[in-house]
Amino acid sequence: MRLCRAGPERRRDVRVAPKGTVRIVADTYNIRGRIMNLSRGGLAVRTPSLVPERLLGSKARIELRLDNPTASWFGLIGTLKRVGSQWIAVSFDAVPLAFGRIIENTTYAAHRNERHLSMVLVDPAPGRRDAMAQGFRDVGCHVIATSTPLEAIVRLNEAGFEPNLVAVADSSPSRTSDELRQFIVAEHPSAKLVAIGDVCPVARPDCLSANERLDDLAQRIRRLLAKVIPVGY
């Protein structure tokens, strides 16, 4: 089994992770957040709002819009099912036909790439970037290769997937690399961050050395993935 294969879906309703904005009104609370995952049965929302547990079981008005210039806002009714420190889960009472089609299309698009991990590679050095991108592709990963953190952010906003992995070369300016990492943590919290460096300390399991032979690059990438990606991911 390839390291870059995803695990099987075990939920009754298949969940996908499209990018989108959510507004939820429950009792006197107006909650804003971003989609964590979505299915025909409900959604999970990442939010900075503090939601009291007493709202569990409360009815909620939900407005949802996917990140697409042509997308519309959908209004739904649901029930608050779970509350976390920075997230909430809501079940839908009913799903409008038009919104159901949106979910089906999003699920289909996600399933086309479900057998592969998706990643973004940031490296200003063209030769090394091309070699690394090809190495990750050789082990079955879908790769978006960029030369700057700003380009990576733009491409991520345009992409129709959530990245599983973000690899940043140590030759990128430290300030912009830090800004990219902060963006990834805030907007793509499930993505794993790894470094690409000329020399990688033994104590850094999340670092891939670029200053070694290219003929064993795929093997070294497999070892890296085995360390940073959970088994059965």
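The model is predicted, with local features needing pLDDT of at least 70 and side-chain atom pairs pLDDT 80 or more, while totals for chains, interfaces and linings use all residues. Residues are numbered from 1 along each chain as its sequence is written, and side-chain values use heavy atoms, without hydrogens and water.

**View 1. Phe-74, Phe-92 and Phe-99 form one aromatic cluster.** The structure holds 2 aromatic pairs (ring centres of Phe, Tyr or the six-membered ring of Trp within 6.5 Å; planes under 30 degrees apart are stacked, over 60 edge-to-face, the rest tilted). The Phe-74 and Phe-99 rings have centres 5.0 Å apart and planes at 50°, so this pair is tilted. It links strand β5 (residues 74–83), which holds Phe-74, with helix α1 (residues 97–112), which holds Phe-99, 25 residues apart; helices (H or I, at least four residues) and strands (E, at least two) are DSSP runs numbered from the N terminus. Phe-92 and Phe-99 pair edge-to-face, at 6.1 Å between centres and 80° between planes. Phe-92 counts as buried because its relative accessibility is 9%.

**View 2. The charged end of Arg-23 sits over the ring of Trp-73.** The distance to the ring centre is 3.9 Å; the criterion is NZ of Lys or CZ of Arg within 6 Å of the centre and within 35 degrees of the ring normal.

**View 3. Helix α2 (residues 126–138) meets helix α5 (residues 217–228) in a contact.** Residues of this contact (heavy atoms within 4.5 Å) include Ala-131 and Met-132 of α2 and Leu-217 and Ile-221 of α5.

Note on methods:
Buried < 20%, exposed > 50% of the residue type's maximum accessible area, 1.4 Å probe, protein only. Axes fitted to C-alpha atoms, helices over the stretch in contact; angles between N-to-C directions.
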